[in-house]
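I opened the model to see how the chain is laid out and where a few residues sit. My notes follow in the order I looked things up.

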Amino acid sequence: MLMNPRPDPAPAAHDRVYRGLRSRIMYGQIPPGQSLTLRGIGREFDVSMTPAREALRRLVAEGALTLSNSGRVSTPELNNDRIEELAALRSLLEVELASRALPRAHIALIDRLTTINQAIAEDIARHDAVAYIRRNLEFHRTLYLRAQAPAMLAMAETVWLQMGPTMRKLYGRLRQKEPPPYHRLIIGALKAGDEPALRLAVRSDVTQGLRMLAT
């Protein structure tokens, strides 16, 4: 009788570290320019160097982390040109995703987006920047899932990942007291089935704040 070989625990450990770091970067829990070390990651996630190294390698490949010539790994500090580029990418990808989602929008989706937007208001009232960023991306992801365009959504999420630390910086600058105004316009356009209004609202929402950072 053949015995199944014992599974290698390294892939599971690597994926756990990767997903944990990915979420922290995307939601702005790690500030721009912060260094990450294999020793520190291994200690935090209770893993050996191998899964920590593989997780960092994947995140560098996605643009979530930068690798200097000296071997230093850190979260990116985006210059104005890079911010403009990412804003343009968000506009292209997310406007198209929203447009594709519109024919599949239904009352349950609109109610869900309204609920998320109300939760964003609570995050702002608590001055919880990380929760705000997480919930804001949840609002967009919930809408874009209706587009049924997984490759395009994956590209959009890669852009979000690269922007995460910078979004935390943007939140501090905006000093928001209420949810993003364009969210209400997005919900209104979905209710009305108004594609031009939806495209304009999404484009304004995903570019306005980022371009404030580049001024």
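The model is predicted, so I kept its limits in mind: local features need pLDDT of at least 70, side-chain atom pairs count only at pLDDT 80 or more, and totals for chains, interfaces and linings use all residues. Residues are numbered from 1 along each chain as its sequence is written, and side-chain values use heavy atoms, with hydrogens and water left out.

**Entry: S74**

I asked which element holds S74. S74 is placed in strand β3, residues 73–74. Helices (H or I, at least four residues) and strands (E, at least two) are DSSP runs, numbered from the N terminus. S74 counts as buried because its relative accessibility is 4%. I then looked for its partners. Contact means heavy atoms within 4.5 Å. Setting aside neighbours within four places in sequence, I found S74 in contact with G33, Q34, S35, L65 and T66. The side chains of S74 and R72 also make a polar contact of 3.3 Å. For that term I used a pair of N or O atoms within 3.5 Å; within protein, one must be able to donate a hydrogen and the other to accept it, and residues adjacent in sequence count only if both atoms are side-chain atoms.

**Entry: whole chain**

I counted nine helices and three strands in the protein chain. From the N terminus the order reads α-β-α-α-β-β-α-α-α-α-α-α. The C-alpha atoms fill a box of roughly 60 × 55 × 30 Å along the principal axes. Of the 215 residues, 47% count as buried. Among contacts with a separation of 6 or more, residues 24 or more positions apart account for 77%.

I also noted the charges. The protein chain has 31 positive and 22 negative side chains, and the centres of the two sets lie 3 Å apart. Here Lys and Arg count as positive and Asp and Glu as negative, while His and the chain ends are not counted. Each charge is placed at NZ of Lys, CZ of Arg, CG of Asp or CD of Glu.

In helix α2 (residues 38–45) I found G40, I41, G42 and F45 buried. Just after α2, D46 takes a positive phi of about 55°.

How far does α6 reach from its first C-alpha to its last? Helix α6 (residues 129–144) has 16 residues and reaches 23 Å, close to the 22 Å expected at 1.5 Å a residue. The expected span is 1.5 Å times one less than the number of residues. α6 is mostly covered, with 13 of its 16 residues buried.

**Entry: the loops on either side of α6**

H127 lies in the loop between α5 and α6. H127 is not a glycine, yet its phi is positive, about 55°. Is H127 buried or exposed? H127 is exposed, with a relative accessible area of 65%.

Q148 sits in the loop between α6 and α7 (150–174). Its phi is near 55°, again a positive value in a residue other than glycine. Q148 counts as exposed because its relative accessibility is 54%.

**Entry: A121**

A121 belongs to helix α5, residues 107–125. I logged A121 as partly exposed, at 30% relative accessible area. A121 and P180 are 59 residues apart in sequence and 9.0 Å apart in space, C-alpha to C-alpha.

How values were computed. Buried means under 20% relative accessible area, exposed over 50%, partly exposed in between (1.4 Å probe, protein chains only).
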